[in-house]
Amino acid sequence: MTPLNYTKKVLKEFQHPTNMGEIKNPDGHGMVGNPSCGDVMEVFLRIRNNKIIDIKAKTFGCIAAIATTSVLTKMVKGRTVEQAMRIKKEDIIKKLGAMPPIKIHCSLLGLNALHKAIEDYKKKKKEEKNNEQEKKNRREKNRREATPGAKRKTKRNVK
Ligand code: FES
């Protein structure tokens, strides 16, 4: 037992955290800081067909932050973006048995970074979609201009 009465599950996750590290060129990336302690958390996502197929986290934080993030990454893998967004801090704490009240704010670090990473993914998706539409519009415009007879009527060519 530690002075803070962490559960065995918390200590196990802290000693053997999973999905730690980073993903190169992630589909979503989120970084948050905990203003009360100055610790930082980063989450990286690989998403295919709206499903989170890989997640990695970098935690510069305490035992609680590392343990909750490790559990969170396991809960998120294989879920859709919407399902991942529905995970609450209570769900994570339940998986770990309990969390000392003074450490509850640490349990939010991973979740907040995950939300930011999903926001980033959605933003990138939207930009991609807009770029595709722009390209499509440009191609259509070029095609219309290149088609004989499709020339716009101006004062000069109207007889
Ligand atoms: S004390 Fe900073 S994340 Fe827990």
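Which residue in strand 3 is the bridge partner of R48? In this predicted model, that partner is K51, and the pair belongs to an open sheet whose three strands follow the order 1-2-3 with antiparallel pairing. Helix 2 lies across strand 2 and strand 3, while helix 5 lies across strand 1, strand 2 and strand 3.

**Strand 1 with strand 2**

- Strand 2 spans residues 40–48, and it pairs with strand 1 in the antiparallel sense over six bridges.
- Within this pairing, V32 stands opposite M41 of strand 2, and G33 stands opposite V40 of strand 2.
- The hairpin made by strand 1 and strand 2 has six residues between the strands, and G38 in this hairpin takes a positive phi near 85°.

**Strand 2 with strand 3**

- Strand 2 and strand 3 run antiparallel and are joined by nine bridges; F44, for instance, has K56 in strand 3 as its bridge partner.
- These two strands form a hairpin with two residues between them, and N49, which sits in the turn, has a positive phi of about 50°.

**Helix 1**

- Helix 1 runs over residues 8–15, and V10, E13 and F14 are buried in it.
- The exposed residues K8 and Q15 are carried on the face of helix 1 that is turned away from its buried side.
- The cover over the buried residues of helix 1 includes helix 2, which spans residues 63–76.

**Helix 2**

- Helix 2 has 14 residues and reaches 20 Å from its first C-alpha to its last, which is close to the 20 Å expected at 1.5 Å a residue.
- Helix 2 is mostly covered, with 11 of its 14 residues buried; among them are A64, I66, T69, L72 and V76.
- What covers these buried residues includes helix 1, strand 2, strand 3 and helix 5, together with helix 3 (81–85) and helix 4 (89–95).
- Just after helix 2, G78 takes a positive phi of about 90°.

**How the helices are placed**

- Helix 1 and helix 2 pack at an angle of about 85°, and their axes are 8 Å apart.
- Angles of 65 to 115 degrees count as roughly perpendicular, and helix 1 and helix 2 are therefore roughly perpendicular to each other.
- At this packing, V10, E13 and F14 of helix 1 meet I63, A64, I66, A67, S70 and V71 of helix 2, and V10, E13 and F14 are also the residues named above as buried in helix 1.
- Against the sheet, helix 2 runs at about 175° to strand 3, whereas helix 5, which covers residues 104–146, runs at about 140° to strand 1.

Technical notes: Residues numbered from 1 in each chain as written. Predicted model: local features only at pLDDT ≥ 70, side-chain atom pairs only at ≥ 80, totals over all residues. Buried ≥ 20, exposed ≤ 12 C-beta atoms within 10 Å, placed from the backbone. Helix = DSSP H or I, 4+ residues; strand = E, 2+ residues; numbered from the N terminus. Contact = placed C-beta atoms within 7 Å. Pairing = 2+ DSSP bridges. Axes fitted to C-alpha atoms, helices over the stretch in contact; angles between N-to-C directions. Expected span 1.5 Å × (residues − 1). Parallel < 35°, antiparallel > 145°, perpendicular 65-115°, else oblique.
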